[in-house]
Amino acid sequence: ALGLALLVTWPTVAKLGTAAVGSAHADGAKHLWNLWWMRQHVLTEGLSLHTTLVNWPEGMDLWPIEPLNGLLAILLPLPPLPLSNVLALGHVFLLGMCGGLLGHVVSRRQDGALVAGALAQASSFTAFSLHVGVGELRQGWLLPLGLALAVIARERGTWGWFALLGLAMAATTLSCFYLGFGLSLGVAVYALA
């Protein structure tokens with residue numbers, strides 16, 4: 001998963017602090033600014049939606065568009081550019097791991113896990129999310145993680161697994177509405193099947 005993450009994001013690791021992964025004509029700059037803003041806002045203004053870092057001096061209410069990456073921006077002391085690249089690599093790595101988990105849960109085979117993880121990492125959606133520079137879309141690993149939890153919860157039938165599934169669905173929706181909607185739709189179809 002790590003090798004494939006390095007391959008599909010190449011040359012990101014070679015240009016970690018000098019060039020952002022993705023197109024210069026897409027949303028990457030906005031998301032780099034967002035990583036800076038979320039860290040700076042929490043460190044200087046605390047936990048609130050109101051910030052004076054934009055529309056100064058009055059400020060304005062501003063919702064973080066990628067809260068999971070924002071939390072990581074607070075915890076990882078890197079400048080926005082290398083942080084964005086490290087997060088992109090990390091998300092593609094996690095996509096391989098969680099895709100592999102789903103593949104293993106469904107097929108019960110190691111080769112099923114490897115194929116599913118590799119297909120997820122090398123998918124057109126992964127390439128698209130890297131190209132457009134939208135940080136919350138890069139968290140696509142939340143989809144196979146949630147679907148794997150749905151399969152496990154249904155097989156085991158215990159409340160603990162369903163609680164984990166609910167937490168995963170809530171975290172996915174908070175991280176990226178589109179992914180949360182997709183996961184909810186997938187879990188609903190699976191539950192009805």
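**A salt bridge and its surroundings**

Modeller: Arginine 108 and glutamate 155 form a salt bridge in which the closest N and O atoms are 2.6 Å apart, a salt bridge being a side-chain nitrogen of Lys or Arg within 4 Å of a carboxyl oxygen of Asp or Glu. The pair links distant parts of the chain, 47 residues apart, with arginine 108 in the loop between helix 4 (80–107) and helix 5 (110–121), and glutamate 155 in helix 7 (residues 142–156). Helices (H or I, at least four residues) and strands (E, at least two) are DSSP runs, numbered from the N terminus.

Before going further, please keep in mind that this is a predicted model, in which local features need pLDDT of at least 70 and side-chain atom pairs count only at pLDDT 80 or more, while totals for chains, interfaces and linings use all residues. Residues are numbered from 1 along each chain as its sequence is written, and side-chain values use heavy atoms, with hydrogens and water left out.

Both partners count as partly exposed, since arginine 108 has 49% relative accessibility and glutamate 155 has 47%; buried means under 20% relative accessible area, exposed over 50%, and partly exposed in between (1.4 Å probe, protein chains only). Arginine 108 also has a positive phi of about 60°, although it is not a glycine. Most residues other than glycine have a negative phi, and most peptide bonds are trans. Another positive phi, of about 55°, belongs to asparagine 55, which is not a glycine either; asparagine 55 lies in the loop between strand 1 and strand 2 and is partly exposed at 48%.

Returning to the salt bridges, the count comes to three. One of them joins aspartate 111 to arginine 109, with the closest N and O atoms 2.6 Å apart, and aspartate 111 is partly exposed, at 38% relative accessible area. Another joins aspartate 27 to lysine 30, where the closest N and O atoms are 3.9 Å apart; here aspartate 27 is partly exposed at 35%, and lysine 30 is partly exposed at 46%.

Lysine 30 leads us on to isoleucine 65, which, leaving aside its neighbours within four places in sequence, is in contact (heavy atoms within 4.5 Å) with Lys30, His31, Asn34, Glu136 and Ser175. Isoleucine 65 is found in the loop between strand 2 (60–61) and helix 3 (67–75), and with a relative accessible area of 33% isoleucine 65 is partly exposed.

Ser175 in turn belongs to the contact that helix 8 makes with helix 9. These two helices pack at an angle of about 145°, with their axes 5 Å apart, where axes are lines fitted to C-alpha atoms, for helices over the stretch in contact, and angles run from 0 to 180 degrees between N-to-C directions. On the helix 8 side the contact includes Leu165, Met169 and Ser175, and on the helix 9 side it includes Phe177, Leu183 and Val187.

Several of these residues return in the largest nonpolar core, whose seven members are Leu149, Ala150, Leu165, Ala168, Met169, Leu183 and Val187. A nonpolar core is a set of buried Ala, Val, Leu, Ile, Met, Phe, Trp, Tyr and Cys residues joined through side-chain atoms within 4.5 Å. Helix 7, helix 8 (159–175) and helix 9 (177–192) each supply at least two residues of this core, and the largest share, three residues, comes from helix 8. A second, separate core has six residues, among them Leu35, Met38, Leu83 and Leu87. In soluble globular proteins, nonpolar side chains tend to be buried together.
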